[in-house]
Amino acid sequence: MGEPEHTQKRARSAQGETDSKMEHDCEHEVEERVRLFTDLEWDLAGHSTLGPHSVNYHHPRPGNKGSVFFMPNRSFLGEGALHNALQSVKALGLKKALLVTDKMLVKSGAVKTLTDVLDKASIKYSIFHWCDPIPSRAQVESGLKLVQQEGCEFIISFGCHAPHNCAKAIGIAFTNGGSIRDYAGADKSHKPMLPLVAVNTAAGTGAEMDRFCTIKDEHTGQNLDMVDWRLMPALAVNDPTLTVGMPPRLTAATGMDALTHAIEAYVSTASTPVTDASALHAIRLISTYLPEAVEDGTNAKARDMMAYAEFLAAMAFNSAGLGYVHAMSHQIGPAYSLAHGICNAILLGPVQEYNAKYVPALFIDIAHAMGFMEVGQDSGRAVKAVLEGIRTLKDKVGIPKNFQALKANPADFLRLAEAAMKDACASTNPHQPTKDEVCQIFHKAYNLDGDTQSFQ
């Protein structure tokens with residue numbers, strides 16, 4: 001027999017009261033969490049410019065998607081890193097590598113530093129040294145053919161930006177098939193690339209550990225820009241002894257490139273406390289040790305600290321992204337065959353002067369990292385100190401003063417501005433400029449005379 005109807009009603013009533021109480025308690029708990037969350041955000045807003053981004057202090061974010069931090073599987077840093085990485089290379093269990101580098105590194109004998117280590121470890125390799133500063137589709141396709149002909153099972157890239165980019169493109173196209181054009185854009189691959197060991201020989205680009213790759217399509221004249229987490233190397237090697245032979249001009253250009261990575265990552269709309277910490281310490285190291293490395297390339301401590309600084313800056317921008325310095329540099333550099341790091345160095349001051357109008361508080365920690373502790377928590381003083389610090393460092397390491405000195409043509413700036421606004425790096429700039437404003441920044445960098453305080 002079932003229970004009497006009045007007993008069932010009392011049970012339903014009791015259950016209803018319980019459900020109602022639980023719902024009320026749940027609502028109260030949510031309200032309490034929101035209140036605590038709001039209080040935390042309010043406290044942090046007056047605390048420092050390093051508030052947790054999860055409470056939208058640094059840059060407001062839509063939704064609750066969290067963040068992602070990208071890193072290679074293993075990274076070897078410091079003097080002796082090349083030899084220390086050898087056991088991990090052997091542990092891959094692969095027999096033969098395609099060694100991707102460039103002609104200058106082969107001609108100078110720098111590649112022999114690596115091949116001697118590989119020979120001693122009985123690791124077989126075939127050398128591919130046809131890499132332009134921006135590798136071409138044809139060079140990638142030639143590398144793919146060599147991988148197949150030689151039966152290579154993994155890739156070692158040795159050099160700066162170009163060999164790492166070329167190696168990534170070869171590796172992703174080999175395992176995924178099709179044309180390298182198929183992978184332009186964000187996360188277009190479906191399979192891991194061939195295992196890549198990236199050995200860096202410069203302190204600047206971060207290409208040995210990042211998820212970016214640029215290849216020139218010589219048929220269209222356009223760059224194929226790829227952003228894909230599968231492009232990150234299995235092993236990254238930053239041994240400062242490999243950078244000792246870099247001439248002062250290259251040391252300065254790559255060092256200023258690293259500084260640009262750090263500053264742009266810090267003010268990026270996708271930055272996090274993890275990328276902030278990396279960016280700020282990179283700024284500290286570069287501000288201190290880049291002039292020393294340029295002045296004396298054999299200064300072991302300066303080279304070591306710059307290798308760490310470059311890696312820290314890459315850790316920051318690999319996840320936080322960049323901004324309009326890179327978006328504009330990507331256009332004006334190829335247009336006049338100018339070095340990427342030089343373009344970044346010239347644009348860094350004018351672009352940050354523009355950004356500072358919208359996020360001045362973020363420049364407090366940048367100023368402190370550059371050594372300007374006297375600015376305290378005064379954002380106005382911090383902005384002036386940072387812009388002056390950039391100018392002083394640029395001049396000290398011998399970067400050309402402006403684009404006029406490099407024979408750029410202002411008549412091209414409107415076209416370059418339009419292209420910059422379509423660049424992937426532009427999306428994480430702290431404020432989106434108009435086309436006229438981008439043109440104005442180009443003109444500012446063209447006429448730059450050391451005074452970065454006249455942006456209107």
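Predicted model: local features only at pLDDT ≥ 70, side-chain atom pairs only at ≥ 80, totals over all residues.
Leu 235 sits in strand E9, which covers residues 235-238.

What does Leu 235 touch, leaving aside its neighbours within four places in sequence? Its contacts are Arg 74, Phe 76, Ser 88, Val 89, Leu 196, Val 197 and Ala 198.

Now for the helices. H7 (residues 248-267) and H9 (residues 300-320) have axes that come within 8 Å and cross at roughly 40°. That angle is why the two helices, H7 and H9, are described as oblique to each other. The crossing of H7 past H9 is left-handed. On the H7 side, the residues that meet H9 are Thr 251, Gly 255, Ala 258, His 261, Ala 262 and Ala 265. Facing them from H9 are Arg 303, Met 306, Glu 310, Ala 313, Ala 316, Phe 317 and Ala 320. Sort the residues of this contact by type and you get 8 nonpolar, 3 polar and 2 charged.

Last stop: the cysteines. How many disulfides does the structure hold? The count is 0. Cys 166, for one, is in no disulfide: its nearest cysteine sulfur belongs to Cys 131 and lies 3.7 Å away, while a disulfide needs the two sulfur atoms within 2.5 Å. Cys 166 counts as buried because its relative accessibility is 0%.

Key:
Residues numbered from 1 in each chain as written. Heavy atoms only, no water. Buried < 20%, exposed > 50% of the residue type's maximum accessible area, 1.4 Å probe, protein only. Axes fitted to C-alpha atoms, helices over the stretch in contact; angles between N-to-C directions. Helix = DSSP H or I, 4+ residues; strand = E, 2+ residues; numbered from the N terminus. Parallel < 35°, antiparallel > 145°, perpendicular 65-115°, else oblique. Left-handed = near helix turned anticlockwise from the far one by under 90°. Contact = heavy atoms within 4.5 Å. Nonpolar A, V, L, I, M, F, W, Y, C, P; charged D, E, K, R; others polar.
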